[in-house]
Amino acid sequence: MDDMKLSGGVEWAIHCCVVLSRMDGAVPAGKLAGLHDVSSSYLAKQMQALSRGGLVRSLQGHAGGYVLTRPADQISILDVVQAVEGKQPLFVCTEIRQRGPLGTPPEKCLTHCPIAIAMMTAETAWRDSLNKITIGDLAHQVSSTSGPETFQTIQHWFAGA
């Protein structure tokens, strides 16, 4: 991730997982793309990342498409972020304190840089927070905020699309 910014693919992937969590069967990527008004090729990349991450699987055949690999309450937002973006740290200390004419010699750097510690602490809190929220939690919130018929409406739209 460049500039510590999540790609738009994370948002699309989370939306797709939420929808898949409440569907009766597999949903083709093209229908998910149509629902979200995004190009099929772009969404296919996100679905492939979710598949590589073990969060969805593709079913072949007439009723083929994507399904979640485990219950929505067992998939965290962090799982989706890591499937799409990878598990690399957001911040990497480059030991700037050792550079320049007044840089601290490496042998005097006995602990992590305080800036690195602050950034690692913040990232740990962010990851812990995302790990506590599941796709099931989000699906419940969608039903609560958009109406209990939301997912049934989507299911009917898929059937007619």
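A: A contact here means heavy atoms within 4.5 Å. On that basis, residues 24 or more positions apart account for 69% of the protein's contacts with a separation of 6 or more. The model is predicted.

Now the helix itself. Helix α5 runs over residues 114–131 and has 18 residues. From first C-alpha to last, α5 reaches 25 Å. That is close to the 26 Å expected at 1.5 Å a residue.

Which residues of α5 are buried? They are Ala116, Glu123, Arg127 and Leu130. These four lie on the same side of α5, because they cover an arc of only 60° around the axis. Buried means under 20% relative accessible area. The partner of this buried set is α4, residues 77–85: the buried residues of α5 pack against it.

Next, the surroundings. The protein's secondary structure comes to seven helices and two strands. Along the sequence, the pattern reads α-α-α-β-β-α-α-α-α.

The overall dimensions follow. Along its principal axes, the C-alpha trace spans about 70 × 30 × 25 Å. The radius of gyration is 20 Å, whereas a compact globule of 161 residues would have one near 15 Å.

Last, burial and surface across the protein. Of the 161 residues, 35% are buried. The accessible surface comes to about 9,700 Å². Carbon and sulfur atoms hold 56% of that surface.

Notes
Residues are numbered from 1 along each chain as its sequence is written. This is a predicted model: local features need pLDDT of at least 70, side-chain atom pairs count only at pLDDT 80 or more; totals for chains, interfaces and linings use all residues. Side-chain values use heavy atoms; hydrogens and water are left out. The expected span of a helix is 1.5 Å times one less than its number of residues. Buried means under 20% relative accessible area, exposed over 50%, partly exposed in between (1.4 Å probe, protein chains only). The arc is that of the directions from the helix axis to the C-beta atoms. The radius of gyration is taken over C-alpha atoms; the globule rule is 2.2 Å times the number of residues to the power 0.38. Accessible areas come from the Shrake-Rupley method with a 1.4 Å probe; for residues, only the protein chains shown count as cover.
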